[in-house]
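Here is a quick briefing to read alongside the protein on your screen. Keep the sequence and the 3D view open and look for each residue as it comes up.

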Amino acid sequence: FDGYTYASIVLGNGQEWMAENLRTNSYANGDPIPNITDDTQWQNLTTGAWSHYNNDSQYENPYGKLYNWFTVADTRNVCPTGWHVPSDAEWNNLIGYIDPSFSSTSDGTQSTIAGGKMKSTGTLYWNSPNTGATNESGFSGLPDGFRDFNVGFLQIGEYGYWWSSTDAGSEYAWFRHLYY
């Protein structure tokens, strides 16, 4: 899609997940997604956009691009045809499969067991100590950080963030993160 071939994993419960972050410049229908580098412009957006971490293309491989919520919510679909950004329920299914003791009705905390099984191993990308990382699931999560509306770019090497398609208000959605 858009010049890229993405690796995926198929879990024992039949779920298929991409095993790397998106790097696309366009929606599934071919419409371009603008690259916004200016912090003030990014902060005031009401439409889809992407950026590289620190506006530096060296981060695209292996981390992919950073997309705002408007890109995820757009009906043109940021994912390749046949793929979609997972819902909060789909994330819970993934986590519950990897960690059968996980309960999505808990106090809002997530599973450190599933988190470790979803993270790439070592400290090439993750800051030390990269606690619990085994990548047993094959998800290969990397710490791409994020772009905050007010502060700029934060937490590469510390956190990896992934959107869900389930909104949590007009400008946000539920998401998942992995921590070093």
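P129 sits in the loop between helix 5 and strand 5 (helices, H or I with at least four residues, and strands, E with at least two, are DSSP runs numbered from the N terminus). This is a predicted model, where local features need pLDDT of at least 70, side-chain atom pairs count only at pLDDT 80 or more, and totals for chains, interfaces and linings use all residues. Residues are numbered from 1 along each chain as its sequence is written, and side-chain values use heavy atoms, with hydrogens and water left out.

- The peptide bond from S128 to P129 is cis, with omega near 20°.
- N130 is in the loop between helix 5 and strand 5 (146-148).
- Is N130 buried or exposed? N130 counts as buried, at 6% relative accessibility (buried means under 20% relative accessible area, exposed over 50%, and partly exposed in between, with a 1.4 Å probe and protein chains only).
- Leaving out residues up to four places away in sequence, N130 touches K119, S120, T121, G122, T123 and Y180 (contact means heavy atoms within 4.5 Å).
- There is another cis bond from N61 to P62, again with omega near 20°, and P62 belongs to helix 2 (residues 60-63).

**Two asparagines with positive phi**

- Most residues other than glycine have a negative phi, and most peptide bonds are trans.
- N54 has a phi near 55°, a positive value in a non-glycine residue, and its place is the loop between strand 3 (50-51) and helix 2.
- N55 also has a phi near 55°, and you can find N55 in the loop between strand 3 and helix 2.
- N54 is partly exposed, with a relative accessible area of 43%, and N55 counts as partly exposed at 32%.

**The nonpolar cores**

- In soluble globular proteins, nonpolar side chains tend to be buried together.
- The largest nonpolar core here has 15 residues, and I9, W17, W91, L94, M118 and F139 touch the most other members (a nonpolar core is a set of buried Ala, Val, Leu, Ile, Met, Phe, Trp, Tyr and Cys residues joined through side-chain atoms within 4.5 Å).
- Which elements give two or more residues to this core? They are helix 4 (88-98) and helix 5 (112-118), and helix 4 provides the largest share, four residues.
- Setting aside neighbours within four places in sequence, M118 is in contact with W91, L94, I98, N135, S137, F139, S140, G141 and L178.
- A second, separate core has 13 residues, among them Y6, V72, C79 and A173.

**The whole chain**

- The protein chain has five helices and eight strands, in the order β-β-α-β-α-β-α-α-α-β-β-β-β along the sequence.
- Its radius of gyration is 16 Å, close to the 16 Å that the globule rule gives for 180 residues, so the chain is as compact as a globular protein of that length (the radius is taken over C-alpha atoms, and the rule is 2.2 Å times the number of residues to the power 0.38).
- Along the principal axes, the C-alpha atoms fill a box of roughly 40 × 35 × 35 Å.
- Buried residues make up 43% of the 180 residues.
- G12, in the loop between strand 1 (8-10) and strand 2 (16-18), is exposed with a relative accessible area of 69%.
- G12 and L154 are 142 residues apart in sequence and 35 Å apart in space, C-alpha to C-alpha.
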